[in-house]
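Welcome! Take a moment to look over the sequence and the 3D view, and then we can walk through them together.

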Amino acid sequence: MSPRPRTAVVTGASSGIGAATARRLADAGFHVILAARRVERLDALAKELTAAGGTVTVYPLDVTDRAAVDAFAAALDVHSPIHVLVNNAGGALGTDPVAIADPADWRTMYEVNVIGVLNVTQALLPALTASGDGTVVVLSSTAGLGTYEGGGGYVAAKHGAHAIAETLRLELNGQPVRIIEIAPGMVRTDEFSLNRFHGDAERAAAVYAGVAEPLTADDVADTVSWAVTRPSHVNVDLLVLRPRAQASNTKVHREL
Ligand code: 8X3
């Protein structure tokens, strides 16, 4: 009898880095639980992964809704232990300077990037610990490690996600759960910049103007998959990845 597959939960799995991570983890043999708000996208991804031989489960979820997250955790407990949680759901809103930024944007970013990670991690920690070999991934950002002009609310929120990862690693020391933080720099996805600029496609595209090869969602997913498949005693505390054209948050080589 072949062993039961290890189970991975990916939040924000409907697009971008989340969907790419789900693909990579399914390919690596995980039973992948796809969680996100947009269920029709999850269904399409589930169909694709199942056709490729993967085992997936779809679960509609808003990570900022604590009651929904608790119900999600209760539903999962019935089935199997959780080995990997990838806290990917997140995003940016706006690039206004601090002096004039909209507090509503900041609140939304804090809710999804910080409280969302807190909600899902708290709810799944018992199942991750019970697995005897759990991994929590926090997809933060280079915005969680340093600031830049116009980054304001996103930088603040991602510093919050970084703080969760650092604190949790200390608090769980001695338990069979490792905490991995992956901090990507410039990644070109269909939605990240578009959402940030409230649907303004021109401004969204300008972010990547002249940049030879921004990272792709799959570049990040590859890194997540690599990190979570290291032997259990190996903890990749923090991994920063950027495109070669980006030397820092504010130094980007553009060929224009
Ligand atoms: C995305 C990186 O540079 O837009 O997390 O903050 S950046």
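## The second largest pocket

What volume does the second largest pocket have? The answer is about 210 Å³. Please keep in mind that this is a predicted model.

The lining of this second largest pocket is made up of 14 residues, and Arg4, Pro5, Thr7, His31 and Ser80 are the ones closest to its centre. Two elements give two or more residues each to that lining: strand E2 (31-36) and strand E3 (55-60). Sorted by class, the lining of the second largest pocket holds seven polar, five nonpolar and two charged residues.

## The chain as a whole

Stepping back, you can find eight helices and nine strands in the protein chain. Along the principal axes, its C-alpha atoms fill a box of roughly 60 × 40 × 35 Å.

How does the radius of gyration fit with a compact globule, and why? For 256 residues, a compact globule would have a radius of gyration near 18 Å, and the protein chain agrees with this because its own value is 18 Å.

## Around the ligand

Now turn to the ligand. Which residues surround the ligand? They are Ser141, Ala143, Tyr148, Tyr154, Gly185, Phe192 and Arg196. By class, this shell contains four nonpolar residues, two polar ones and one charged one.

Ser141 has a polar side-chain atom 2.6 Å from an oxygen atom of the ligand. For Tyr154, a polar side-chain atom lies 2.7 Å from a ligand oxygen atom. In the side chain of Arg196, an N or O atom is 3.3 Å from an oxygen atom of the ligand. On its own, the ligand has 250 Å² of accessible area, and the protein covers 83% of it.

## A cavity inside the protein

How many cavities of 30 Å³ or more are there? The count comes to one. The largest cavity has a volume of about 50 Å³.

To find the largest cavity in the view, look for Leu93, Gly94, Thr95, Asp96 and Trp106, which lie nearest its centre among the 14 residues of its lining. Helix H4 (103-130) supplies at least two residues of that lining, and helix H5 (152-171) likewise supplies at least two. By class, the lining of the largest cavity has six polar, five nonpolar and three charged residues.

Key: Residues are numbered from 1 along each chain as its sequence is written. This is a predicted model: local features need pLDDT of at least 70, side-chain atom pairs count only at pLDDT 80 or more; totals for chains, interfaces and linings use all residues. Side-chain values use heavy atoms; hydrogens and water are left out. A residue is near a molecule or strand if one of its heavy atoms lies within 4 Å of it. A polar contact is a pair of N or O atoms within 3.5 Å; within protein, one must be able to donate a hydrogen and the other to accept it, and residues adjacent in sequence count only if both atoms are side-chain atoms. Accessible areas come from the Shrake-Rupley method with a 1.4 Å probe; for residues, only the protein chains shown count as cover. Ala, Val, Leu, Ile, Met, Phe, Trp, Tyr, Cys and Pro count as nonpolar, Asp, Glu, Lys and Arg as charged, and the others, Gly among them, as polar. On a 1 Å grid over the protein atoms alone, a cavity is a set of points where a 1.4 Å probe fits but cannot get out, and a pocket is an open set with protein on both sides within 12 Å along at least five of seven lines; lining residues have an atom within 4 Å of a point. Grid points are joined across faces, edges and corners, and a volume is the space filled by probe spheres set on the points. Helices (H or I, at least four residues) and strands (E, at least two) are DSSP runs, numbered from the N terminus. The radius of gyration is taken over C-alpha atoms; the globule rule is 2.2 Å times the number of residues to the power 0.38.
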